Amino acid sequence: MNETSLKKHLAKLNLGGLRYFETIGSTNDEALAWAATGANDLSLVIADEQTQGRGRLDRKWFTPKNSAIAMSLILRPTAPMRPHLSRTVGLAALSIADACLSLGLSPQIKWPNDILLNGKKVAGILVETVWSGHDVDSLVVGMGVNVEEASVPPADLLKFPATSLEEMLGTLPQREDFIFRTLEALIRWREKINNQAFIQAWEEKLAFRGEIVNINAEDEKPIHGIVDGLESDGSLRLKDESGKPVSIRFGDVSLRPSS
Ligand code: ADP
């Protein structure tokens, strides 16, 4: 992957701009700074290697060189998007899931921000916001995808099992092609972000549906319940032991299967 091959592959998407780095601290940091200084809608930061890749709660996201996708897309909210900004993590999740589907894989979304193949994490999403006073100026949608087997971190560094596209496909997909498929899907899904069909599509791909999970939040008692579906804002709806619905807002919570 290099800047020339990326530009060629992504030409049809009419991106607002492209910045490519052989190595970078974090693509989200670069995109946040670019957004704050006036980047166009659909500007993209891509790096071959991240040395300070972040997950939520400042957890580390590993992006070793020559093996993974690390990219951050800047979105300037369109009018239909504005009332539904909390759905943005779902927008990214559905798009990566569609790219996986188009390769014949069966992705699931581990709410709120991970994509699973065969129950293992293949991609993660980190959405961050640039504010202008009380208004959202832009959103930075960070996406990390394990493409080659070499991108999968050693098991002792992980709390949840991980995999790669290569491992699941049995062949090595081209990174530029997967980036194109993901962004093409994201541009398409963004048009529908205000529809109920968007929530339905997201809900259909939820991992652990009908299963008991634990929701862990720092300093709080874990919440235990059956995954039931999504609320209109993208919150997770569980059913507790008595069948009562419980909504879990994004915050900094982690979902784990119970057992
Ligand atoms: P959670 O699984 O609790 O939702 P995050 O979504 O915040 O966690 O993702 C960060 C976590 O993902 C890290 O703590 C690490 O365990 C794991 N991780 C880091 N890099 C990768 C990677 N390339 N592939 C899969 N998992 C990773």
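Helices here are DSSP runs of H or I with at least four residues, and strands are E runs of at least two, numbered from the N terminus. This is a predicted model, where local features need pLDDT of at least 70 and side-chain atom pairs count only at pLDDT 80 or more, while totals for chains, interfaces and linings use all residues. Residues are numbered from 1 along each chain as its sequence is written, and side-chain values use heavy atoms, leaving out hydrogens and water.

H5 (residues 175-190) packs against helix H1 (residues 3-10) at about 40 degrees, with the axes 9 Å apart; axes are lines fitted to C-alpha atoms, for helices over the stretch in contact, and angles run from 0 to 180 degrees between N-to-C directions. On the H1 side, Ser5, Leu6, His9 and Leu10 make the contact (heavy atoms within 4.5 Å), and on the H5 side it's Glu176, Asp177, Ile179, Phe180 and Leu183.

Then there's the sheet: seven strands, open, in the order E1-E2-E3-E7-E6-E5-E4, with mixed pairing (strands pair if DSSP finds at least two bridges between them). E1 (17-21) and E4 (107-110) sit at the edges with a single partner strand each, so one side of each has no neighbour in the sheet. Neighbouring strands are turned by 20 degrees against each other on average, ignoring direction. Strands E3 (residues 68-75) and E7 (residues 135-146) pair in the antiparallel sense over eight bridges.
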